[in-house]
Amino acid sequence: MLIEYVPLILMVIVGFVLAVVFLFAAEWLGARRTTREKQTTYESGMIPVGNARQRFSVKFYMVAVSFIVFDIEVVFLYPWATQLTTLGLTAFIAVIIFIVILFAGYFYELVKGGFNWD
Amino acid sequence: MSLTFIFFTVLAILAIASAIVTITARNPVISALSLVFHFFMLAGLYLTLNAQFIAAIQILVYAGAIMVLVIFVIMLLNLGDEEKLKEKFNLRKVIAVLLASVLIIQFFLIYLLTRSGKIEIAENTAKLSTVQSIGQVLFSEYLLPFEAIGLLLLAAIIGAIVLAKRKLT
Amino acid sequence: MEELGWILLEALIKALVIFTLILLAAATLVYIERKFSAFIQNRIGPNRAGPKGLLQPFADVLKLFMKEDIVPDAANKNLHRLAPIISLGVAIAVYAVIPLGSSFELAGRTIYMGVAPNVNIGILFILAMTSVGVYGITLAGWSSNNKYSLLGGLRSSAQMISYELSMGLAIMGVIMVSGSLNLNDIVIHQSGWKWNVLLQPLGFIIFLVSAFAETNRTPFDLPEAEPELVGGYNTEYTGMKFGMFFLAEYGNMATSSALIATLYLGGWQLPFNPEWVGLQEGSVWLALAQFASIVIKILLLSCFFIWVRWTVPRFRYDQLMNLGWRVLLPLALLNVIATGAVMFLI
């Protein structure tokens, strides 16, 4: 019921509110002696070259996509895992088929070099 | 006023506000982040319906996985430039208005049809929406759709690889 | 409505107590880390502030608060401020579902040790919050508009999401054994030395490795690999904003230790039958003894984290990704199937 989740939600709110308090305390308490040099982007003491927001490798995108697919797989298995014994063998075989189907995808990605990082 | 009602009102207002920020913000990263916030509010709304599993999944999958991909793509394409995002083609606006009006009509229909009776969560929902009961139903009655989801996810992986590999070469 | 008021009051007190405990834990861990690393490297370590340098972490925090808050001109100011809030907020919020003891009776109310240890979706809540924690790091990297930060943030988020999968699958083994997502139930299921580590040895190892990767600790501290990335995603943070990331990191270490203890090492269970020493079920003393039990487990596991950090060298990034995707993920899937098969055969 909803009332069981009230403490949980409260804790999340408390956590973020205290984090905000920390942030404002940091900004309020800290010394302020700003110079232009201090405000530049740190690049090992050199004058920064260009903008940091450049396009980066598509591999990170591949990791995120694979993550979504397998994450959804994992999520679908949670309800089964809680009911393992009551559901019986049929459900277990169904889950194995499910995992095998996804493993085919995993294998395809492996062969195509989706997990290669070079 | 019941606890559920207070919860619903606060969450609904915040959800709508964050949705508006999502579509009006100029910076795509802020847009994406307010969508994440919106998903949190949606998860809260699911809790008011006793759908705990769906609430957790809403955060786990949408906020934790899909929006991470969206943020990655925003950074990947370096969409800092707001000028490029301006809409020039008008057909989309027409469709948007049409869909919005359908939604408003739907709201009124639901309101008119259910005005007589007080809307309450059905007796069984509290029992039906736990993780355990979802497992019971999904792995007995809906076994075939479950396997179909497996095939769908397989197609998603293959599609992603084909797209990414074509981009690389 | 009066009942709701009591629940809110109880939860608020617990939340503040737990917040204080997290801060204390972080301070203790920083001190232990510095002393332990000094011991390993044959140094003395902090010994000026207070006896044996015990006040060093507090001096550090005080110093961090007084430091100038520098935000680079090129940074996206508001997102730059938001990132540490997400990191720290998530690190605190996760503690809501971790049970720190069973329950005790006080003035006719049953009080559970923990803010909400009995919610039905405990584990899913933890996984959900950790997956949101990725934003803090990604945003810190992106908003700083610094090349080191961006690379560190990206690496870190890719690493975290990769290992989250194996973590989720390793937890699945525990759920299959105990049949519940409720963390308190999982602990109760392990009573009488039926620790899950004995039933799920492979799952335990997978979870341990993933926990190291999730907390960005060595050998997986690629996001802040000093020789190549300066400080990683928090390069452009100064003062207490940097301190917030630091706090979150140590808080996460304590969380991971608490999770490992809860899921695999019997949680708050005492290593003997509490009635032998005359502790009654539902008494405050038993609850305190159980609290001491889990705190000791958390401290020992944290020491293990620290020990590994100062012993094992850092991975290369491709090795890290290979380990996550090619070794741990298939192994974790295998663990799920094997657990299921064993459960049906017996």
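A: Helix 2 of chain A packs against helix 3 (residues 52–77) of chain B at an angle of about 170 degrees, and their axes are 9 Å apart. Helices are DSSP runs (H or I, at least four residues), numbered from the N terminus. The model is predicted: local features need pLDDT of at least 70 and side-chain atom pairs count only at pLDDT 80 or more, while totals for chains, interfaces and linings use all residues. Residues are numbered from 1 along each chain as its sequence is written, and chains are lettered from A and ligands numbered from 1 in the order in which they are written.

Q: Why are helix 2 of chain A and helix 3 of chain B called roughly antiparallel?

A: Axes are lines fitted to C-alpha atoms, for helices over the stretch in contact, and angles run from 0 to 180 degrees between N-to-C directions. Angles under 35 degrees count as roughly parallel, over 145 as roughly antiparallel, 65 to 115 as roughly perpendicular and the rest as oblique. The angle here is about 170 degrees, and the two helices are therefore roughly antiparallel to each other.

Q: How many residues of chain A are in contact with chain C?

A: Contact requires C-beta atoms, placed from the backbone, to lie within 7 Å; 53 residues of chain A are in contact with 63 residues of chain C. Helix 1 of chain A gives the largest share of that side of chain A, 21 residues.

How values were computed: Two residues are in contact if their C-beta atoms, placed from the backbone, lie within 7 Å.
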